[in-house]
Amino acid sequence: MHEMSLCEAIIETAEKQASIQQYKSVKCIHLEIGELSCVEAEAMHFAFDAVAKGSIADGATLHIDRVPGQGWCSQCEAKVKIKQRYDACPICEFYPLDIRQGDAMRIKDMEVI
Ligand SMILES: [Zn+2]
């Protein structure tokens with residue numbers, strides 16, 4: 001499961017930060033997940049709970065914000081909203097578009113104790 005390895009990476013980051021910033025546990029993690037990134041929020045919650053067990057983020061709450069997909073059309077030079085990575089330009093139907101936003105996941109914020 002793709003979400004499992006993403007969660008492992010998040011916990012790894014949290015533990016690395018803990019030794020630098022000297023906190024003992026993570027209360028809550030805010031994530032930004034792009035709508036084009038093929039990451040299911042529900043699967044993330046499920047995977048996170050499993051992976052976080054016994055780690056510094058055990059029992060932490062996961063908040064997920066979805067970031068809408070945005071592409072740039074090199075033919076009509078418009079910034080357009082897209083729902084899927086392989087969508088064509090809604091204005092001129094040019095394909096492929098340049099993905100400008102919404103294809104990544106990042107940790108936005110972490111609340112620690
Ligand atoms: Zn276009």
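Which residue in E2 is the bridge partner of Leu31? The model discussed here is predicted. In it, Leu31 has Ile64 of E2 as its bridge partner.

## The mixed sheet

Strand E1 covers residues 26-34. E1 and E2 run parallel, and seven bridges join them.

These two strands belong to an open sheet of three strands. The order is E2-E1-E6, and the pairing is mixed. Strand E2 (61-67) and strand E6 (105-112) are the edge strands. Each of them pairs on one side only. On average, neighbouring strands in this sheet are turned by 20 degrees against each other, direction ignored.

## Helices on the mixed sheet

Helix H1 spans residues 2-21 and packs on this sheet. H1 touches E1 and E6. The direction of H1 makes about 45 degrees with that of E6.

Helix H2 spans residues 41-52 and also packs on the sheet. H2 touches E1 and E2. Its direction makes about 155 degrees with that of E2.

## The antiparallel sheet

Another open sheet is formed by three strands in the order E4-E3-E5. Here the pairing is antiparallel. Why is one side of strand E4 and of strand E5 left without a neighbour in the sheet? Strand E4 (79-82) and strand E5 (98-101) stand at the edges, and each has a single partner strand, so one side of each has no neighbour there. From one strand to the next, the twist averages 40 degrees.

Strand E3 holds residues 69-72. E3 pairs with E5 in the antiparallel sense, over three bridges. Gln70 stands opposite Gln101 in E5.

Methods
Residues numbered from 1 in each chain as written. Predicted model: local features only at pLDDT ≥ 70, side-chain atom pairs only at ≥ 80, totals over all residues. Pairing = 2+ DSSP bridges. Helix = DSSP H or I, 4+ residues; strand = E, 2+ residues; numbered from the N terminus. Axes fitted to C-alpha atoms, helices over the stretch in contact; angles between N-to-C directions. Contact = placed C-beta atoms within 7 Å.
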